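The following paragraphs guide a reader who is new to this structure. Please keep the sequence and the model in view while reading.

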Amino acid sequence: MLMATIALLSLSQDPALEHPVHLDRTGIEWAFPFKTAQKRAREEGRLLAIKPVAFGTTVTGCW
Amino acid sequence: MLRSGPFTDERVVGLLNELFIPVYFDLSPKSPASDADAKAFVTNLKPELGGSRVPTPPVLFATADGALLGEASNYASEREMLAALRDVLRQNSKYAGPSDGEEKRPRLARARTHHYLGKDKAAIALLSEPRTAHENLFMAQIARRAGDLDKAEKILGELDSNAFADDIAVELGLIAFARGDVKTMRVRLAAHSEEGARAPEARYFLGVSLFHLGQHAEARLAWKELIGKYGEHPFSYRADWAYTQTTDDGPAAAPTSFTTQGPKSLLGRHGYMGRKNPDLARRPG
């Protein structure tokens, strides 16, 4: 029980699991959080392609 | 709008995944997609995105160290987005090198990357004969996108018509669309099976053919059924866009500015998703 609680707490703290862009089905492999994306861009020698949204993404992924 | 248009193009998606690190976030600190680090980075690149009322942000192409190398409008067409991605890689080629393990990838995957970059000669050279059937199908797609429709049709005619029936149906439908022959387009696309892998694409373009044949209500029904059946899916996004831009009597009056007020689309999007859906704006024949 304790293990399950710890696991659930860990899950809820993982931003990747709560990010609305997870609903996106374009096939684009969005990287987040930004710091991770920036680190990958440095390590892999790639450019960032950043899509900022300005009107409030909802939990249903509306954007 | 990007998700309804260029982000449904396999070449755009392929380039973003293979040669960029794509990042999405919301500028609003209240959004579940907010990211303070991303916002600080972006407002350093474009200070006008730092206020409470900002213009619709473009897609920004930047180095990890904060050099802005290019951008593409939020309302870019597939063609414009593809050109922007290719341009920024061409002008900054040190970021366009092959990934580790490139030589271990199947040659079809490598050929696709060349095609996404607009290097069709390199793609074709990589796929020297003998080719597999899937490689030949890809060769037909390259020819279609290059406008060599006769060649595309010839290659498709040499494929196994049973094993590749659905691919042939979609490809011939798209070739007919490129020729402006929407009657043939409708017939070809209607031949795609209900459950085949490209069924959403076939249904979307079947709706487009019906729209151009003046069967607006039938077109909208096809798009609505597609969205109902497949939900969040690249061709549902395109169908959603098409649906919002039409009525049962034809094209809808287009909104002239973005608003979060008013009715939402079938997928729950805000109503304004770009000015022109190129599939509907295209004049067949």
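A residue is called exposed when its relative accessible area is over 50%, buried when that area is under 20%, and partly exposed in between. By this rule B:Glu195, with a relative accessibility of 64%, is exposed because its value is over the 50% limit. The model discussed here is a predicted one.

Chain A may be considered at the outset. Its 63 residues include 41% that are buried. The chain holds 3 helices and 1 strand, and from the N terminus on these elements follow the order α-α-α-β. Of the chain A contacts with a separation of 6 or more, 26% join residues 24 or more positions apart. The accessible surface of chain A is about 3500 Å², and 64% of this belongs to carbon and sulfur atoms.

A:Gln38 is placed in helix H3, which covers residues 34-44 of chain A. Its relative accessibility is 9%, so A:Gln38 counts as buried. Which residues does A:Gln38 touch, not counting those up to four places away in sequence? They are A:Leu48 in its own chain, together with B:Phe41 and B:Ala64 in chain B.

Chain B comes next. It contains 13 helices and 5 strands. Its C-alpha trace spans about 55 × 50 × 30 Å along the principal axes. For 285 residues, a compact globule would have a radius of gyration near 19 Å, and the 20 Å of chain B agrees with this. Among the contacts in chain B with a separation of 6 or more, 52% are between residues 24 or more positions apart. Chain B exposes about 13500 Å², with carbon and sulfur atoms supplying 50% of that area.

The charged side chains of chain B number 38 positive and 37 negative, and the centres of the two sets are 3 Å apart. Side chains of opposite charge can pair when their charged atoms come close. Over all chains of the structure, 27 salt bridges are found.

One of these pairs joins B:Lys229 to B:Glu195, with 3.2 Å between the closest N and O atoms. B:Lys229 belongs to helix H11 (residues 216-230) of chain B, while B:Glu195 sits in the loop between helix H9 (182-190) and helix H10 (199-212), so the pair ties together parts that are 34 residues apart in sequence. B:Lys229 is partly exposed, at 44% relative accessibility, and B:Glu195 is exposed.

Helix H11 of chain B takes part in another such link. B:Arg220 forms a salt bridge with B:Asp248, and their closest N and O atoms are 2.8 Å apart. Because B:Arg220 lies in helix H11 and B:Asp248 in the loop between strand E4 (246-247) and strand E5 (250-251), this pair ties together parts that are 28 residues apart in sequence. Is B:Arg220 buried or exposed? B:Arg220 is buried, with a relative accessible area of 12%, whereas B:Asp248 is partly exposed at 47%.

A further salt bridge connects B:Glu201 and B:Arg198, at 3.0 Å from N to O. Both partners are buried: B:Glu201 has a relative accessibility of 15%, and B:Arg198 has one of 14%. These two residues also belong to a network of salt bridges that links them with B:Arg144, B:Asp167 and B:Glu171.

Notes
Residues are numbered from 1 along each chain as its sequence is written. Chains are lettered from A and ligands numbered from 1 in the order in which they are written. This is a predicted model: local features need pLDDT of at least 70, side-chain atom pairs count only at pLDDT 80 or more; totals for chains, interfaces and linings use all residues. Side-chain values use heavy atoms; hydrogens and water are left out. A salt bridge is a side-chain nitrogen of Lys or Arg within 4 Å of a carboxyl oxygen of Asp or Glu. Helices (H or I, at least four residues) and strands (E, at least two) are DSSP runs, numbered from the N terminus. Buried means under 20% relative accessible area, exposed over 50%, partly exposed in between (1.4 Å probe, protein chains only). The radius of gyration is taken over C-alpha atoms; the globule rule is 2.2 Å times the number of residues to the power 0.38. Contact means heavy atoms within 4.5 Å. Accessible areas come from the Shrake-Rupley method with a 1.4 Å probe; for residues, only the protein chains shown count as cover. Lys and Arg count as positive and Asp and Glu as negative; His and the chain ends are not counted. The place of a charge is taken as NZ of Lys, CZ of Arg, CG of Asp or CD of Glu.
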